[in-house]
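Biologist: I have a new model open and would like to walk through it with you. Could you take a look at it with me?
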Amino acid sequence: MTKLDPVILHKITCDTQSNDHTNALARLASALGENFLFDRLIDLDGKHCAAGEMTQALREERQTYRCWLMAQARLVYENFDEIRAAF
């Protein structure tokens, strides 16, 4: 197992603190090499901007991606507890 780069972890924390949860998840997707989910999260962020709000459907879609990414991160990173806390 490896550790998620502390710089990326800090950026995820900053994204979360500034209420940019989708970008925080996109950073994790990128770190995990999950290009498909990264693209889906960027697309979701565009839908959020177009709608002018994070609709319930978009929240549910993001939660699906979040659950999958967290499951992957738990398997890959030994500092998973720090990652979970960053969100």
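Biologist: Is Cys14 buried, exposed or partly exposed?
Modeller: Cys14 is partly exposed, with a relative accessible area of 34%, where partly exposed lies between buried, under 20% relative accessible area, and exposed, over 50% (1.4 Å probe, protein chains only). Please keep in mind that this is a predicted model, in which local features need pLDDT of at least 70 and side-chain atom pairs count only at pLDDT 80 or more, while totals for chains, interfaces and linings use all residues. Residues are numbered from 1 along each chain as its sequence is written, and side-chain values use heavy atoms, with hydrogens and water left out.
Biologist: How many disulfides are there?
Modeller: The structure holds 0 disulfides, a disulfide being a pair of cysteine sulfur atoms within 2.5 Å. For Cys14, the nearest cysteine sulfur is that of Cys49, 20 Å away.
Biologist: Switching to H1, which of its residues are buried?
Modeller: In helix H1, which covers residues 6-17 (helices are DSSP runs of H or I with at least four residues, numbered from the N terminus), the buried residues are Leu9, Ile12, Asp15 and Thr16.
Biologist: Why do they line one face?
Modeller: Seen down the axis of H1, the buried residues fall within an arc of 120°, so they line one face of the helix; the arc is that of the directions from the helix axis to the C-beta atoms.
Biologist: And which exposed residues sit on the face turned away?
Modeller: That face of H1 carries the exposed residues Pro6, Val7, His10 and Gln17.

Key. Helices (H or I, at least four residues) and strands (E, at least two) are DSSP runs, numbered from the N terminus. The expected span of a helix is 1.5 Å times one less than its number of residues.
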